[in-house]
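Good morning, colleagues. Please bring the model up on the screen, and I shall take you through its packing and its domains.

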Amino acid sequence: LLRATPATSSNFLTPELAQSCIDVAGGTPLYAYSLDSLAKSADACLAFPNAYGLTVRYAMKACPNGTILKYFLSRGICIDASSGYEVRRAMDMGVPAEKISLSSQELPTDFEELVKLGVKINCCSISQLERFGEAFANTSQKVGVRVNPGVGSGGFSSSTTGFSKTNVGGPSSSFGIWHEFVTDGTVPAIVEKYGLEVERIHTHIGSGSDPAIWQQTAKLSLSFCAIWDTVTSLNLGGGYKVGRNPDEKTTDLIEIGSPVADAFKDFAKEHGRELKMEIEPGTYLVANAGALVTKIQDKVSTKSSSSDDGHIFLKMDAGMTDVLRPSLYGAIHPITILPGSGKSEDIGTDVESVVVVGHCCESGDLMTPKPGEPEALEERPLRTAELGDIAVMDGSGAYCAGMSTKNYNSFPESPEVLVTADGEVHLIRKRQDPKQIYENECDVPDGVF
Ligand code: LLP
């Protein structure tokens, strides 16, 4: 897990490149994304083994920046949205409605209009299916059904350093229609009552790199496809685990995909129907393409001759406002200290055991938790840092800019830059103007207090 010798560059940022990012973004903190890395992960997903055709959908919740959406779109990758707002955001960025599917915890109020525009809605609960049916009764409207297949994968394990809460199948998960309501006739009766046409089955079980689990899920999910002969595609969701840290394995998509593709072939033999496959990864496409670039702005010690349980704390100028995963899940992201001057020859080789914390007035704003234990701090050996040095947090492409406490302590949202393989740096989101944080607040009339 921990680097024995201090690294002189992050996953993709050399000191010089990190400095260029800082110049383009107008200071730290910022998120940098590697176009080369996005390209490689896109290549791998587009090569996912399949029998009769594949649609890759980018789960845009992982990192919703419009430039990233447009890049994936240019590669022939469609979009998976998780709210009506995400659908509208993708459309505003130029993604055609028919390239967007929606699997949401709530049907957006404008779902009828979205369907008419071509957005593919997967109903994720019985009440969603009822509402959909009422809106499109007897129109043979095509619909998707998200099923909870009763198995989950991923989730908490204190020995799994890449931990995230992605176990979204099984009886403890509220996502999707419980499979027994699909197989006992309840869901088919609703479909029939409203004269709908089930075109798509969707299952997403969480994260896992075990081929046996993917095969089991594919077989189970295909059994739901057998219920309606109108089904033309099966979406197996996302959840391909990536190794953010050097000792963690990234899912081998060929290894997990091959038995899945075989299951599609078996289905075709048995039922005479060749189903298209859809996958919708978020993490896999963007996690290791992103890094948070911050500055060490303070170093605080609680070590003294009278106590041996003190620590040296490094304080970043970023925190849970930018990357929430360590303080929410106890997720481990690699941190590399680069020299503040931007010159690699300034890199020292001394290592110091430190606890890295964020800039919020909040003891939970911890950047180096114990794996899986967000509240327990852990010391990490890092290159001895001076104030002003750059600290790069890798693995920050997925669920970081898109999922953080954002404006806690009134910190503005950090800018985002895209780094090309030639080292060009492009601004893809400006730093938020602090006034934007409170511009929607309203005054109460005089006399209320
Ligand atoms: N499709 C559906 C229906 C999903 O619910 C998700 C993620 C995905 C696709 C993409 O899954 P991925 O490939 O990114 O694992 N905040 C957590 C991850 C939450 C994932 C929720 N659903 C994290 O920081 O790891």
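Predicted model: local features only at pLDDT ≥ 70, side-chain atom pairs only at ≥ 80, totals over all residues.

Setting aside the residues within four places of it in sequence, Val293 is in contact with Leu13, Ala18, Cys21, Ile22, Thr28, Pro29, Leu30, Ala32, Ile390 and Val392.

Domain 1 comprises 15–32 together with 288–430, and domain 2 runs over 35–286. Their C-alpha centres are 33 Å apart. Across the boundary, 27 residues of domain 1 are in contact with 24 residues of domain 2. On the side of domain 1 that touches domain 2, at least two residues each come from helix H12 (325–329), strand S19 (416–419) and strand S20 (425–429). The largest share, three residues, is supplied by S19.

Now to one helix in detail, H6, residues 126–135. Which of its residues are buried? They are Gln128, Leu129, Phe132 and Gly133. Viewed down the axis of H6, these buried residues fall within an arc of 135°, so they line one face of the helix. Ser127 and Glu134 are exposed, and they sit on the face of H6 turned away from the buried side. The buried residues of H6 pack against strand S5 (120–123), strand S6 (142–148) and helix H8 (186–194).

Finally, let me step back to the protein as a whole. It contains 13 helices and 20 strands. Its radius of gyration is 24 Å, close to the 22 Å that the globule rule gives for 449 residues, so the protein is as compact as a globular protein of that length. Along the principal axes, the C-alpha atoms fill a box of roughly 75 × 65 × 45 Å. Buried residues account for 48% of the 449 residues. Of the contacts between residues at least 6 apart in sequence, 73% join residues at least 24 apart.

Thank you for your attention.

Methods:
Residues numbered from 1 in each chain as written. Contact = placed C-beta atoms within 7 Å. Domains from an automatic or database assignment. Helix = DSSP H or I, 4+ residues; strand = E, 2+ residues; numbered from the N terminus. Rg over C-alpha atoms; globule rule 2.2 N^0.38 Å. Buried ≥ 20, exposed ≤ 12 C-beta atoms within 10 Å, placed from the backbone. Arc of directions from axis to C-beta.
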